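Subject: Structure for you to look at

Hello,

Here is the structure I said I would pass on. Please open it first and then read the notes below.

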Amino acid sequence: MSHWPSPSSILRANPWHTETVRIDDIVQEAEGIATYRLSVAAPAKDLDYRFIPGQFNMLYLPGVGESAISMSGDPEKSSSWIHTVRVAGNVTRTLAGLTVGETLGLRGPFGTGWPVDELTGQDVVVVAGGLGLAPLRPLLYYFMNHRDQFGSIHVICGARTPDGLLFQSEYSDWRQGGLDLQLTVDRSTPEWQGQIGVVTLLIDRMNLARPESTSLLTCGPEVMMKYVAISAMKRGIPAEKIWVSLERNMQCAVGLCGHCQLGPEFICKDGPVLRYDRVGHFLFVERL
Ligand SMILES: Cc1cc2nc3c(=O)[nH]c(=O)nc-3n(C[C@H](O)[C@H](O)[C@H](O)COP(=O)(O)OP(=O)(O)OC[C@H]3O[C@@H](n4cnc5c(N)ncnc54)[C@H](O)[C@@H]3O)c2cc1C
């Protein structure tokens with residue numbers, strides 16, 4: 001879409017500048033996972049803030065540290081910024097202890113996003129594993145906002161258990177918004193009505209009308225993304241139309257410190273969203 005900004009055009013002139021943001025709302029999504037709605041403490045400042053689905057911010061807790069967290073809200077309603085966070089270590093645990101009205105620091109947006117411009121006219125398959133749905137949710141909003149620009153849109157969400165499926169209250173809206181949503185879990189409960197098994201089973205069974213014109217976008221555990229890509233390629237989706245979102249320990253977020261380097265790529269600035277034919281081979285190297 002020509003109106004969509006490029007990542008470099010929305011990078012702040014000073015990437016170290018940290019805004020003070022206030023927590024306006026907290027929604028508990030699942031055990032240890034919550035969604036935070038944040039707004040700039042000085043409201044006029046947020047007017048120039050835009051992000052591309054798939055980009056992330058660095059959230060800063062003074063005296064504790066900074067962590068990379070993806071935006072999980074609607075990219076075209078950016079007056080408040082939504083992040084979905086799982087408690088993992090110091091920063092995220094401290095964040096989980098904050099309440100509505102308290103403040104933290106935010107700098108960004110950083111990184112590449114999902115390639116929305118390249119998806120126009122394509123059929124699309126989105127595959128999310130667990131918390132991987134958070135960085136994909138802005139893309140789903142984008143698809144629903146511009147539904148007529150795409151062919152079929154299949155969304156496959158997997159989780160270990162039904163409780164781990166995020167954003168469940170929105171699923172009927174997503175279906176009404178033209179997304180073909182399928183859910184699967186590794187372990188079911190007596191109430192579970194959906195599918196059981198890994199997400200790749202759903203890729204194997206999917207009705208793909210024109211695989212050569214289908215793009216697949218995936219985020220989740222790295223091992224999942226690796227097998228998703230293999231299954232997609234077996235179904236005829238070209239490697240250059242497969243996109244993965246990668247995570248590595250990140251500190252500066254602007255390609256200076258080297259903490260997030262993966263081969264020649266810096267995940268913070270060349271990623272986190274990268275084409276599978278560029279990085280797929282690294283996913284087969286243990287502990288890289
Ligand atoms: C681009 C990007 C987007 C992300 N988006 C999200 C998101 O939307 N939501 C979300 O919840 N998370 C997201 N993450 C992950 C998040 O940044 C990490 O979980 C982050 O490290 C949490 O910070 P922390 O201080 O709470 O945890 P940390 O202290 O960094 O600990 C995180 C985990 O790593 C382990 N660990 C820490 N240091 C080491 C070490 N030296 N050796 C071995 N293990 C170690 C800890 O024990 C813990 O299990 C994203 C990461 C990236 C790179």
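Predicted model: local features only at pLDDT ≥ 70, side-chain atom pairs only at ≥ 80, totals over all residues.

A polar contact is a pair of N or O atoms within 3.5 Å.

A polar side-chain atom of Ser-67 is 2.6 Å from a ligand oxygen, and for Gly-89 a backbone N or O atom lies 3.0 Å from a ligand oxygen. On its own the ligand exposes 950 Å², and the protein buries 57% of that.

In total, 18 residues surround the ligand, and the closest are Ser-67, Ala-68, Thr-84, Arg-86 and Thr-92. Sorted by class, this shell holds 9 nonpolar, 6 polar and 3 charged residues. At least two shell residues come from each of strand 4 (65-70), strand 5 (81-86) and helix 2 (90-96). Strand 4 gives the largest share, with 4 residues.

Thr-92

One of the closest residues to the ligand, Thr-92, has its place in helix 2. Is Thr-92 buried or exposed? Its relative accessible area is 9%, and buried means under 20%, so Thr-92 is buried. The side chain of Thr-92 reaches the backbone nitrogen of Ala-88 at 2.7 Å. A polar atom of that side chain also lies 3.0 Å from the backbone nitrogen of Gly-89. Apart from neighbours within four places in sequence, Thr-92 is in contact with Ile-69, Val-85, Arg-86 and Val-87.

Gln-122

Gln-122 sits in the loop between strand 6 (103-110) and strand 7 (123-129). Gln-122 is buried too, because its relative accessible area is 11%, under the 20% limit. Which residues does Gln-122 contact, leaving aside its neighbours within four places in sequence? They are Phe-150, Gly-151, Ser-152, Arg-210, Ser-213, Thr-214, Ser-215 and Lys-241.

Helix 3

Helix 3 covers residues 133-145, which is 13 residues. From its first C-alpha to its last it reaches 18 Å, close to the 18 Å expected at 1.5 Å a residue. The helix is mostly covered, with 11 of its 13 residues buried. Among the buried residues of helix 3 are Leu-133, Leu-136, Leu-139, Leu-140 and Phe-143. Arg-137, Tyr-141 and Tyr-142 are also on the list of buried residues.

Regards

Note on methods
Residues numbered from 1 in each chain as written. Heavy atoms only, no water. Near = heavy atom within 4 Å. Polar contact = N/O pair within 3.5 Å; in protein donor to acceptor, adjacent residues only side chain to side chain. Areas by Shrake-Rupley, 256 points an atom, 1.4 Å probe, with all protein chains shown as cover. Nonpolar A, V, L, I, M, F, W, Y, C, P; charged D, E, K, R; others polar. Expected span 1.5 Å × (residues − 1). Buried < 20%, exposed > 50% of the residue type's maximum accessible area, 1.4 Å probe, protein only. Contact = heavy atoms within 4.5 Å.
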